[in-house]
Every structure is written in structure tokens, then in C-alpha cells.
Amino acid sequence: MTSIEWTNETWNPMRGCQKVSAGCKNCYAETFANRFRGVKGNAYEMGFVPREVPGMLLKPLKFKKPSLVFVNSMSDLFHESFTDDYIHKVFTVMREANWHIYQILTKRPIRMKQLFDSKLKEFSSLDNIWMGVTVENCKAYKERVSILRNTNVKTRFLSIEPLLEDLGTINLTKVDWVILGGESGVRCRPMEESWVQSILKQCEEQNVPMHFKQWGGVRKKKAGRVLNGRTYDNFPEFKFKSKPTKSELKQIKINLEKQFFGEPITMSKFGPLASAENSVISFDFGTVISSNHEHVAIS
Ligand code: SF4
């Protein structure tokens with residue numbers, strides 16, 4: 001489980017990233033990861049250095065029920081450090097574990113589009129994979145939204161978070177969902193209500209469901225997420241497929257293990273598959289640590 005309002009679970013088959021734009025300034029994932037830098041055996045012993053985590057690849061098979069799954073709350077799937085082959089494996093898991101819906105958010109849409117035009121083409125028509133870009137300001141809107149619009153996928157969304165300035169007029173053609181929110185934390189940058197109202201109005205005019213995540217601020221709980229006297233918890237239309245039977249699930253796991261690792265994987269190789277990023281962490285270092293960290297929308 002996760003505390004992010006617009007998803008049910010997080011899955012981090014990669015960890016670590018590097019800042020690319022203004023929205024990254026107070027990246028929570030980086031702060032969190034660096035807290036554990038140098039702590040022997042911790043999943044974040046390497047801090048925020050980008051790396052693939054093969055031991056987490058099959059984690060979606062362990063979620064108890066069909067869920068909305070935020071992929072890479074602690075990284076960016078299209079960071080240049082990650083190989084095309086490894087990214088392909090992540091998508092293969094999403095195709096096979098198709099009773100979940102996966103939400104992927106990036107600030108690197110050029111690589112996303114290039115891959116959907118080539119190596120990831122076979123995943124374009126999957127309706128359980130939602131692809132999104134972060135839009136924190138006008139520059140990001142200009143650079144990212146048209147690339148997303150032209151990426152060959154079924155469901156597209158924008159995470160307008162943290163909103164740092166008035167976006168003015170926005171074109172939501174081929175956008176299926178908008179998440180909107182302000183920055184939180186001690187160094188947060190303010191978000192004005194008029195910017196929020198403008199986006200809400202344009203979402204309503206263009207029939208795009210909007211999820212208002214939070215006002216943000218130093219005390220984000222106190223600031224809450226009420227807008228115009230109500231909450232906005234809208235999603236694109238979706239329906240979960242039913243979870244496979246135990247024996248079907250076992251077979252899917254065996255097939256994926258053989259495909260990825262050449263054999264069914266064992267505890268000694270990666271550790272327990274039940275580990276969760278926000279409670280029990282680590283595969284790549286073989287040690288387990290608990291932490292109550294808060295996830296925020298990043299990437
Ligand atoms: S906000 Fe996202 S893209 Fe930026 S550094 Fe953090 S994880 Fe990477």
C-alpha cells in the first residue's frame with residue numbers, strides 16, 4: 001500500500017535518478033534515498049545512483065488484489081542509465097500481470113516515444129498501461145505534452161505537480177487524465193488558487209477527468225485537498241481484469257523467471273519477493289529494512 005492518493009501500490013524495478021527540470025528541485029525520492037546512503041545493506045546504500053533492480057521485477061505478482069500500480073515512485077523509467085532490454089522486461093511483466101493497471105510517469109518523454117516507436121511497439125495497444133508526463137511549468141508543458149500526445153499508447157495522462165506557475169491555455173487533446181497538486185515540505189514553492197481554477201476549468205471544458213491531489217505547503221495535511229468545497233477524485237474509466245488462479249499465477253511466475261533469469265529464481269539469489277518499497281525493502285543487497293517513508297508524485 002502507499003499513501004499516494006491516486007494509486008494503490010508502488011513498484012520500483014529501478015532506483016535512483018538525476019534532476020532534469022524545475023520540478024525536480026525538491027525531489028522527495030532523492031532526499032529519501034540519500035538518507036540511507038552508506039547504510040550497509042539498505043536498499044538505498046548507493047543513495048540516488050540510478051540502477052536496475054532485477055529482484056523487484058516480479059513484485060506485481062505478489063500484490064494481493066488487482067491494483068493501480070505506480071511504476072518507479074523512486075526513479076524515472078526512461079532515465080538514460082537503464083538499458084532498452086531492461087525496460088522491455090518491465091513492460092513484459094506489465095503485459096503478463098495484466099490484472100493490474102500501471103501508471104508510468106516520466107520527465108524524459110523523448111526516450112519514451114522513441115521506444116514506443118521501436119522496442120516497445122508491441123506494448124502500445126495495452127489498456128492496462130497508462131503513460132504520463134510531469135508538467136510543472138509552461139516550459140515543461142511545451143516540451144513534453146505534444147510528445148506524449150504523439151506517443152503510440154492507449155491511455156495518456158499529465159501529472160501537473162508541483163504546479164509552479166500559471167500554465168495559461170492548455171490543449172488536452174488525447175489526454176485522458178490530469179493529476180494536479182502543489183508542492184509540500186519545508187522548501188515548498190507556493191501554488192496560487194487561480195492557477196488551479198484555470199486548469200480545473202479547462203479540464204471540465206475539454207471533458208478530461210481531474211484528480212486534485214493536494215494544496216501542498218509546509219503543513220500539507222492541514223492545507224488538505226478540498227477545492228470549491230469538495231474533493232476531485234476523478235479517474236479515466238477503467239476496469240480491472242480478474243486475478244488468475246493460484247496455479248495460473250505460479251505458471252506466469254515460472255515463465256517470467258525462465259525468460260529473465262534462465263531459471264526459476266531462488267531466495268538466495270534475490271531475497272523474498274514479497275518485499276514492498278514502502279515497508280520492507282531490498283533485493284539487490286539481500287537485506288531487509290523497514291521504513292515509514294511517504295511517497296510523493298515524482299518524475
Ligand atoms: S523528480 Fe523524478 S525525474 Fe526528477 S530527479 Fe526526482 S525521480 Fe528523477
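Student: Which residues touch the most other members in the largest nonpolar core?

Tutor: The general idea is that, in soluble globular proteins, nonpolar side chains tend to be buried together. In this predicted model, the largest nonpolar core holds 59 residues, and Val178 and Leu180 touch the most other members. Helix α2 supplies the largest share of this core, namely five residues. A separate core of ten residues lies apart from it, including Cys27, Phe32, Ala43 and Met74.

Student: With which residues is Leu180 in contact, leaving aside its neighbours within four places in sequence?

Tutor: The contacts of Leu180 are Ile160, Glu161, Leu163, Val196, Ile199, Met210, Phe212 and Lys213.

Student: How much of the chain is buried, and how many helices and strands are there?

Tutor: Of the 299 residues in the protein chain, 43% are buried. The chain has eight helices and eleven strands. Among contacts between residues at least 6 apart in sequence, 73% join residues at least 24 apart.

Student: In what order do the strands of the seven-stranded sheet lie?

Tutor: The order is β1-β4-β5-β6-β7-β8-β9, in an open sheet with parallel pairing. At the edges are β1 (9-11) and β9 (210-214), each of which pairs on one side only. On average, neighbouring strands of this sheet are turned by 25° against each other, direction ignored.

Student: How many bridges join β1 and β4?

Tutor: Three bridges join β1 and β4, in the parallel sense. In one case, Glu9 has Val69 in β4 as its bridge partner.

Student: Which strands does helix α4 touch where it packs on the sheet?

Tutor: Helix α4 (residues 138-149) touches β6 (129-134) and β7. The direction of α4 makes about 160° with that of β6.

Student: Is Leu57 buried or exposed, and where is it placed?

Tutor: Leu57 sits in the loop between β3 (51-52) and β4. Leu57 is buried because 24 other C-beta atoms lie within 10 Å, the cut-off being 20 or more. Leu57 touches Pro13, Lys89, Val93 and Phe260, residues up to four places away in sequence not being counted. Leu57 and Val90 are 33 residues apart in sequence, while their C-alpha atoms are 6.6 Å apart in space.

Student: What is the corresponding reading for Gln114?

Tutor: Gln114 belongs to helix α3 (residues 109-116). Gln114 has 15 other C-beta atoms within 10 Å and is therefore partly exposed. From C-alpha to C-alpha, Gln114 and Asn152 are 9.9 Å apart, with a separation of 38 residues in sequence.

Student: Which peptide bond is cis?

Tutor: The bond from Glu161 to Pro162 is cis, with omega near -5°. Pro162 lies in the loop between β7 (155-160) and β8 (177-181).

Student: What is the average pLDDT of the protein chain, and where is the pLDDT below 50?

Tutor: The average pLDDT is 90, and 88% of the residues score at least 70. The pLDDT is below 50 over residues 271-299. Beyond near neighbours in sequence, this stretch has 72 contacts in the model.

Methods. Residues are numbered from 1 along each chain as its sequence is written. This is a predicted model: local features need pLDDT of at least 70, side-chain atom pairs count only at pLDDT 80 or more; totals for chains, interfaces and linings use all residues. Helices (H or I, at least four residues) and strands (E, at least two) are DSSP runs, numbered from the N terminus. A residue is buried if 20 or more other C-beta atoms lie within 10 Å of its own, exposed if 12 or fewer, and partly exposed in between; C-beta atoms are placed from the backbone. Two residues are in contact if their C-beta atoms, placed from the backbone, lie within 7 Å. A nonpolar core is a set of buried Ala, Val, Leu, Ile, Met, Phe, Trp, Tyr and Cys residues joined through C-beta atoms within 7 Å. pLDDT is the predictor's confidence in each residue, from 0 to 100. Two strands pair if DSSP finds at least two bridges between them. Axes are lines fitted to C-alpha atoms, for helices over the stretch in contact, and angles run from 0 to 180 degrees between N-to-C directions.
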